[in-house]
Amino acid sequence: MASVSLSSRLNKAVRQQYMSLPQGEKVQVTYIWIDGTGEGLRNKTRTLDFEPKTIDDIPEWNFDGSSTYQAEGSNSDMYLIPVCMFRDPFTQDPNKLVLCEVLKYNRLPTETNHRMSCNKVMEEVKEHAIWFGMEQEYTLLGIDGHPYSWPTNGFPGPQGPYYCGVGSDNAYGRDIVECHYKACLYAGVNIYGSNAEVMPSQWEYQVGPCEGIEMGDHLWVSRFLLHRVCEDFGVVATLDPKPMKGNWNGAGCHTNVSTKLMREEGGLEYIEQAIENLSKRHPMHIKMYDPRGGKDNMRRLTGHHETSSIHDFSAGVANRGASIRIPRQVGQEKKGYFEDRRPAANCDPYAVTKAIAYTCLLHSEDREESEEENIPAM
């Protein structure tokens, strides 16, 4: 039997008795932020005396950064700056989830706060109406770290029947997937779809299209919802780019990109120009596409299992073994979007979308010297 957490076995009927109690005019607001690892999410909840209608109604708050890898104990207070508000699918209306940026004591962004610099780039390219769609792959694990529903002392059958599969022998953990989907819809996350992936216990959902900074906001909140849903079921969702060694697919976060000009007639010309720009800056993008400067992606981008080699840049129509894929329909219609297949499942979407927007729309040789100011360090 799969190893699930003890907390998930608590009596949920008793919990529901309390969750159904009226709360008067009070509202619970859960603040969510990215911790010092650049991957982990933290949250805490406070009570407001009224239901907030806009993000401006949510007050700033603080937390102990020394407990989240973001500060030393001697100067540990960090600021939580609300930036995006969603409905709370766990405690339900009128309660809210609020995504926050994190600032240090001196009001400067923390090292893992890439949202602020991303937003500056998105404002600079606003006229291009750049849209993103990100395909978040993840793998379900028991709390013992073993893939959920895999044989305790062995392996399932080889890859083949699991992708978009159906049936108890092919689809592992669908309840979690469907609950997460509904939670995203309720919250207001712009979720587009979901499907079982190539490796058993591996799934994918898509968020988008989102314009500019909203891509990172919605993907991070969708990840929070995923982890919370998994918590209720007692399993773990890992975004590790290569959770299982050997002949098993890794997990990416393929990023679809289009601008206004790419979506119009003759847009293929602008798609090809963007790909040319990306080809010149492949090493920099690899550094931005996982939280460890490319080290995580080295395990995944091997040139096998529907990936390109981390060392080489490539592009092609309908080629899932390329760095950049142009969908077949786009090649035929001469307009649309392209897919960057390099970002790892555990990437920071702010870092990824900023790098893509900057390279495709702002980078030029005369700006090369100020590169470090324009692309956040990892």
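These are my notebook entries on a predicted model of one protein, from the overall fold down to single residues.

**Ground rules**

I number residues from 1 along each chain as its sequence is written, and my side-chain values use heavy atoms, with hydrogens and water left out. Since the model is predicted, I ask for pLDDT of at least 70 for local features and 80 or more for side-chain atom pairs, while totals for chains, interfaces and linings use all residues.

**Overall**

I started with secondary structure and got 11 helices and 13 strands. These are DSSP runs numbered from the N terminus: helices are H or I with at least four residues, strands are E with at least two.

Next came the radius of gyration, taken over C-alpha atoms. The protein has 21 Å, which agrees with the value near 21 Å for a compact globule of 378 residues. The globule rule I used is 2.2 Å times the number of residues to the power 0.38. The C-alpha atoms fill a box of roughly 60 × 55 × 45 Å along the principal axes.

I then looked at burial, where buried means under 20% relative accessible area, exposed over 50%, and partly exposed in between (1.4 Å probe, protein chains only). Buried residues come to 52% of the 378.

The mean positions of the 39 positive and 52 negative charges are 3 Å apart.

**The annotated span**

I looked up UniProt, where an unreviewed entry lists residues 27–107 as "domain: GS beta-grasp". The positions are in the numbering used here, feature names are shortened, and annotations may be inferred rather than shown by experiment. In the model, this span is 0% helix and 48% strand, and its end C-alpha atoms lie 28 Å apart.

Most residues other than glycine have a negative phi, and most peptide bonds are trans. I therefore went looking for exceptions to that pattern.

The loop between β4 (77–87) and β5 (96–103) holds P94, and the bond from D93 to P94 is cis, with omega near 10°. Q92 is in the loop between β4 and β5 too, with a positive phi near 65°. I count Q92 as partly exposed because its relative accessibility is 45%.

Another cis bond joins G208 and P209, with omega about -5°. P209 sits in strand β8 (residues 202–211).

A318 also has a positive phi, near 55°. Its place is the loop between β11 (315–317) and β12 (324–326), and at 27% relative accessibility A318 is partly exposed.

**Four residues I followed up**

For the contacts below, I leave out residues up to four places away in sequence.

K96 is in strand β5. I put K96 down as buried because its relative accessibility is 8%. Its contacts include Q28, V29 and T30, along with E51, P52 and F86. L41, 55 residues from K96 in sequence, is 17 Å away, C-alpha to C-alpha.

V189 lies in the loop between α3 (174–187) and β7 and is buried at 4%. F86 is one of its contacts, as are C184, V207 and H218. I also logged R87, 102 residues from V189 in sequence and 9.2 Å away in space, C-alpha to C-alpha.

N195 belongs to strand β7 (residues 191–196) and is buried, with a relative accessible area of 14%. It touches Y163, C164, W203, E204 and Q206. E60 is 135 residues from N195 in sequence and 37 Å from it, C-alpha to C-alpha.

K334 is in the loop between α9 (328–333) and β13 (338–340), partly exposed at 44%. I find K334 touching G266, G267 and L268.

Note on methods: Lys, Arg positive; Asp, Glu negative; His and termini not counted. Charge placed at Lys NZ, Arg CZ, Asp CG, Glu CD. Contact = heavy atoms within 4.5 Å.
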